[in-house]
Amino acid sequence: MSLSHKHQCREIITKAICGKGRKFSTVTHTVTPPNGPTSILGAWIINHQYEAVSAGDGIEVIGTYDINIWYSYDKNSQTDVAKETVSYVEHVPLSYLDPKHRTSTVEVSADATQEPSCVEATVSTGGGSVIIRVEREFAVELVAETKVCVKVCTDGCGDYEDKDYDYGSVDGDYDDLDPDLLDDEL
């Protein structure tokens, strides 16, 4: 039996994670309450909702959240809460993308690894509005059908003594893979 008959490979079409990306961002919003604020007593983000859509070389996360600001006015003699709904589109580039995936089968998802949170709220220089700094982070994945190559044991699976398998690829080795993208979790 020749080597070509002894070792055969098959291409299998399977769904796999074909792209990944992550993006941390800090954004600034300006909220103008009905009364000129004197000081900020609290600021928080609630009601965060988002979805992911494929967008060229990356994935766009489209979402909304509410900014609530508890503030004092009239020389700290009165308090009120200002609420504003903010819409956003965050483009997350893919740091890895399998070029051989089938584009007609693409499904994308996003996970908020850091929900939007207010890290700073200050009264503007003119005193008529509040400047809010918000941090958020998303991890995205692109799942699609792709081909994988597997070794076929023509004589059954019991022959483990033969260890002269060569898994080298015609397309090259995996030297260009970024090890930081590999998941350590099982």
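Is Tyr 50 buried, partly exposed or exposed? At 28% relative accessibility, Tyr 50 counts as partly exposed (buried is under 20% relative accessible area, exposed over 50%, partly exposed in between; 1.4 Å probe, protein chains only). This is a predicted model, in which local features need pLDDT of at least 70, side-chain atom pairs count only at pLDDT 80 or more, and totals for chains, interfaces and linings use all residues. Residues are numbered from 1 along each chain as its sequence is written, and side-chain values use heavy atoms, with hydrogens and water left out.

**View 1. Aromatic rings around Tyr 50.** Ring pairs join Tyr 50, Tyr 65, Tyr 88 and Phe 138 in a cluster. Rings of Phe, Tyr and Trp (its six-membered ring) pair if their centres lie within 6.5 Å; planes under 30 degrees apart are stacked, over 60 edge-to-face, the rest tilted. The count comes to four aromatic pairs. Tyr 50 and Phe 138 have ring centres 5.4 Å apart and planes at 70°, so this pair is edge-to-face. Tyr 50 lies in strand S2 (residues 37-55) and Phe 138 in strand S7 (residues 130-153), so the pair ties together parts 88 residues apart in sequence. Strands (E, at least two residues) are DSSP runs, numbered from the N terminus. Phe 138 is buried, at 0% relative accessibility.

**View 2. Arg 136 and Tyr 88.** The charged end of Arg 136 sits over the Tyr 88 ring, 4.2 Å from its centre (NZ of Lys or CZ of Arg within 6 Å of the ring centre and within 35 degrees of the ring normal). Arg 136 also belongs to a salt-bridge network with Lys 23 and Glu 90.

View 3. A salt bridge is a side-chain nitrogen of Lys or Arg within 4 Å of a carboxyl oxygen of Asp or Glu. The count comes to eight salt bridges. Lys 147 meets Glu 11 at 3.7 Å, N to O. Lys 147 is in strand S7 and Glu 11 in strand S1 (residues 7-31), 136 residues apart. Lys 147 is partly exposed at 49%; Glu 11 is exposed at 57%. In the bridge from Lys 23 to Glu 90, the closest N and O atoms are 3.0 Å apart. Glu 90 is buried at 7%.

**View 4. The open sheet S2-S3-S4.** Three strands form this sheet, with antiparallel pairing (two strands pair if DSSP finds at least two bridges between them). S2 and S4 (78-93) stand at the edges with a single partner strand each, so one side of each lacks a neighbour in the sheet.

Terms used
Helix = DSSP H or I, 4+ residues; strand = E, 2+ residues; numbered from the N terminus.
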